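Open the model in a viewer and keep the selection tool at hand. The stops below are meant to be taken in order.

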Amino acid sequence: MEKNDVLQLCALARIDLTADEHDEFARKFNRLLDFVDQLLAHKSEDRPSGAQLVERQAEAESLQLRRDESRPFAWPEGTKHEYSVRQIINFEGDA
Amino acid sequence: MRELLERTGEELLAMFDAGELNHNELQQEQFEFAQEADKKLNAFIAWDEVVEEQSWALERLEGSPKCLERLPYAAKDIFCTQGVQTTAGSRILKDYLPPYDATCIAALRQAKNHLMGKTNLDEFAMGSSGESSAFGPARNPWSLEHVPGGSSSGSAAAVAACQAVVALGTDTGGSIRQPASFCGIVGFKPSYGLVSRYGMIAYSSSCDQAGVFARGTADVALTMNTISRPDPLDSTCTAVGNIDYYAEAQRDVHWNKLRVGVLKPFMDPGRIDASVLANFNASIDVLKAAGVAIVELDFPLVDLCLPAYYIITAAECSSNLARYDGIRYGSSSSEPDLLSSYREVRSQGFGAEVKRRILLGTYVLSAGYAGAYYDRARALRADIRRSLEDMFTQVDIIATPTSPTLPFRFGERSTDPVKMYLADLCTVFVNLADTAGINLPNGFGVSEGVALPTGLQFVSAPMRDAMLLRVARQYEKLSGWQYKPPAWISQLLAGN
């Protein structure tokens with residue numbers, strides 16, 4: 001990995017490396033990249049991508065999917081919100 | 001009194017019930033012994049010095065199961081504990097005092113268990129040896145020159161050295177099972193969602209899971225009865241709260257009806273050390289002799305599990321650790337502008353391994369690389385899950401060695417991160433598939449004249465934890481295993 005690429009990554013992650021750290025990091029980081037690159041040769045059966053997966057599963061199981069369009073939710077007029085955090089954990093699940 | 005500290009929680013509870021043991025005396029003795037043994041082990045980072053007389057009366061509902069209660073325990077220093085220092089093994093959280101308890105800690109406190117202290121760990125649970133702790137490494141009670149495994153290094157060492165009856169740990173890729181194997185004790189990683197993660201400092205949210213170290217499976221089951229509860233504060237917590245793990249663990253197993261799968265890649269001498277493999281084969285022979293059907297299974301994705309795991313966890317850690325900026329958490333900076341302040345605090349606060357993983361995560365999530373790395377790793381994770389689902393149609397339990405090697409010496413692997421990552425070869429697939437796994441000690445191997453523990457891992461399908469504990473408990477009986485501490489600990493307990 002080029003020095004500039006490392007510096008750019010560090011800027012994104014808000015981390016500075018000293019000159020000594022930089023050399024050691026570049027060596028170990030390249031070793032890590034070689035290691036994770038093994039994955040690039042693998043072809044998965046499918047790619048999880050949210051809705052597409054749900055549709056595929058539904059198709060396979062002959063489920064009916066909703067076809068209506070979603071609308072943004074609006075609280076009923078006059079709703080008052082209570083945002084205080086309860087201090088006692090209720091293990092029965094109805095906190 | 002001291003010799004009682006070798007006993008299991010199950011035995012001590014029976015003594016409480018029979019009126020043969022006083023809780024306060026036990027607590028005091030345990031606390032003093034833990035501090036004495038820790039001069040050599042460095043298993044603890046912080047002590048909860050409050051050892052006070054208290055009412056031990058517990059309000060039990062009729063029919064409530066047997067739980068871990070009124071016993072001294074330790075917790076990995078990654079669980080938030082109200083008023084007790086919580087550092088995650090990092091300089092960036094030095095002196096952080098959480099204003100609340102993690103749900104697991106609250107549940108144990110409610111059952112009047114006494115938290116003695118917080119145990120050492122690899123910084124933010126990133127490591128397999130305990131060497132990346134900002135507070136110096138914990139040592140393996142079986143040999144002080146060898147690592148205790150990681151990342152829950154202190155919890156494993158503390159239970160093995162009888163410094164606590166049980167200890168809480170977390171397991172993201174093997175961080176309970178691998179150190180349990182290295183220290184010769186039982187280590188249980190429940191299915192994802194079975195124990196609340198609320199109050200557990202996050203490393204990789206989709207893989208992190210709290211679990212238990214103990215000197216016997218019965219104590220694991222007792223602890224699960226206490227900590228596995230529904231929790232509205234963790235939306236991923238799917239615990240139902242009405243399973244009696246302890247009662248399940250007492251039930252017999254019809255060995256001739258059990259099917260155990262062994263993964264062919266983990267029978268390969270090219271991957272697994274000879275002494276580990278020899279003990280694993282001996283354990284399988286015990287099962288065969290009892291009538292268990294052993295099924296050999298292929299696992300072609302085995303070599304891709306570690307790369308996929310390190311991509312997913314690095315990506316999640318780069319996001320989770322973004323909060324440590326000196327504003328909300330961590331020491332503050334004298335830099336005049338905000339960006340320089342962030343960079344100073346993070347550069348000085350994080351250790352080398354944490355920085356490496358944050359930067360790897362930033363890299364695999366950056367534009368142009370996310371598709372090649374992160375999406376591919378997620379897709380592979382789905383493939384691994386499917387592969388295991390197929391296996392669990394053929395077998396009830398999968399058995400593997402827990403670690404491919406014996407415990408290694410300090411510094412032996414720290415120059416090469418990939419060599420270190422290979423320590424998790426046999427454990428990461430369990431986290432990627434959200435299943436449950438348990439380490440059971442299965443003997444010793446000799447390395448350079450030193451006898452070091454080995455471990456057997458049982459894995460069940462997701463949410464079949466009760467069945468897994470039952471098989472593990474009955475296997476302990478079948479193999480005749482009972483925990484015996486290292487000789488120097490026994491001598492210390494005897495007052496020599």
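**Before starting**

This is a predicted model, in which local features need pLDDT of at least 70 and side-chain atom pairs count only at pLDDT 80 or more, while totals for chains, interfaces and linings use all residues. Residues are numbered from 1 along each chain as its sequence is written, chains are lettered from A and ligands numbered from 1 in the order in which they are written, and side-chain values use heavy atoms, with hydrogens and water left out.

**Stop 1: chain A**

Select chain A, which has three helices and zero strands. Helices (H or I, at least four residues) and strands (E, at least two) are DSSP runs, numbered from the N terminus. Of the 95 residues in chain A, 22% are buried; buried means under 20% relative accessible area, exposed over 50% and partly exposed in between, with a 1.4 Å probe and protein chains only.

Now select α2(A), whose 18 residues reach 25 Å from first C-alpha to last, close to the 26 Å expected at 1.5 Å a residue. The expected span is 1.5 Å times one less than the number of residues. Among the buried residues of α2(A) are A:H22, A:F25, A:F29 and A:L33. Their cover includes α1 of chain A and, from chain B, α9, α11, α12 and α13.

**Stop 2: where the chains meet**

Show chain B beside chain A. Here 47 residues of chain B are in contact (heavy atoms within 4.5 Å) with 35 residues of chain A. The two chains bury about 4000 Å² between them, 68% of it on carbon and sulfur atoms. Buried area is the accessible area (1.4 Å probe) that two parts lose on being put together, summed over both. In chain B, select B:R343, B:L359 and B:R376: these lose the most area to chain A, together 17% of what that side buries.

Between the chains there are three salt bridges, each a side-chain nitrogen of Lys or Arg within 4 Å of a carboxyl oxygen of Asp or Glu. To see a salt bridge, select B:K355 and A:E21, where the N to O distance is 3.1 Å. On the side of chain B that touches chain A, α12(B) gives the most, with 11 residues.

**Stop 3: helix α11 of chain B**

Select residues 352–365 of chain B. At 1.5 Å a residue, the 14 residues of this helix should span 20 Å, and its end C-alpha atoms are 20 Å apart, which agrees. Is α11(B) largely enclosed or largely open? Since 12 of its 14 residues are buried, α11(B) is largely enclosed by the rest of the structure. Those buried residues pack against α1 and α2 of chain A, together with α9, α10, α12 and α13 of chain B.

**Stop 4**

Select B:S153, found in helix α4 (residues 153–160) of chain B. B:S153 counts as buried, at 0% relative accessibility. Leaving aside neighbours within four places in sequence, its contacts include B:N120, B:D122 and B:P148.

Last, select B:N113, in the loop between α3 and β3 of chain B. B:N113 is buried, with a relative accessible area of 6%. Which distance separates B:N113 and B:R70 in space? They are 4.2 Å apart, C-alpha to C-alpha, and 43 residues apart in sequence. The backbone nitrogen of B:R70 lies 3.2 Å from a polar atom of the side chain of B:N113.

Conventions:
A polar contact is a pair of N or O atoms within 3.5 Å; within protein, one must be able to donate a hydrogen and the other to accept it, and residues adjacent in sequence count only if both atoms are side-chain atoms.
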